[in-house]
Amino acid sequence: IPNEFKLEQNFPNPFNPKSKIRFQIPKISNVKLIVYDILGRDVSSLVNEELKPGIYQVEWDANYFSSGVYYYKLTTNDYKETKKLVLLK
């Protein structure tokens, strides 16, 4: 069981068209992992549920999105972090 919240850099980055995002949570939490475009619009909700402590990995399939810079944000009751990812087609 992890002892801290952590959001890792997606892999691969840059990517085309799929990328994996790993994160860890140390306690039961309501978790949201959302991808935003460069203008801050919510373009994809990858996780929106209560999760138990552990290490998780999700895959974002950006096949129907344009090349460019996107941001992904992990939000829980006690933690928020945002990272950048680049889609190159």
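Student: Is Ser19 buried or exposed?

Tutor: Ser19 is buried, at a relative accessible area of 1%. Buried means under 20% relative accessible area, exposed over 50%, and partly exposed in between, with a 1.4 Å probe and protein chains only. This is a predicted model, where local features need pLDDT of at least 70, side-chain atom pairs count only at pLDDT 80 or more, and totals for chains, interfaces and linings use all residues. Residues are numbered from 1 along each chain as its sequence is written, and side-chain values use heavy atoms, leaving out hydrogens and water.

Student: Where does Ser19 lie?

Tutor: In strand 2, residues 18-25. Strands (E, at least two residues) and helices (H or I, at least four) are DSSP runs, numbered from the N terminus.

Student: Which side chain makes a polar contact with Ser19?

Tutor: That of Asn10, at 2.8 Å. A polar contact is a pair of N or O atoms within 3.5 Å; within protein, one must be able to donate a hydrogen and the other to accept it, and residues adjacent in sequence count only if both atoms are side-chain atoms.

Student: And what does Ser19 touch?

Tutor: Leaving aside residues up to four places away in sequence, Ser19 touches Asn10, Phe11, Pro12, Val58, Glu59 and Trp60. Contact means heavy atoms within 4.5 Å.

Student: Now Gln24. Buried or exposed?

Tutor: Gln24 counts as buried, at 13% relative accessibility. Gln24 lies in strand 2 as well.

Student: Zooming out, how many helices and strands are in the protein?

Tutor: Zero helices and seven strands. Along the sequence the pattern reads β-β-β-β-β-β-β.

Student: Why call it as compact as a globular protein of that length?

Tutor: Because its radius of gyration is 13 Å, close to the 12 Å that the globule rule gives for 89 residues. The radius is taken over C-alpha atoms, and the rule is 2.2 Å times the number of residues to the power 0.38. The C-alpha trace spans about 35 × 25 × 15 Å along its principal axes.

Student: How much of the protein counts as buried?

Tutor: 34% of the 89 residues.

Student: What share of the contacts joins residues at least 24 apart?

Tutor: 56%, among contacts between residues at least 6 apart in sequence.
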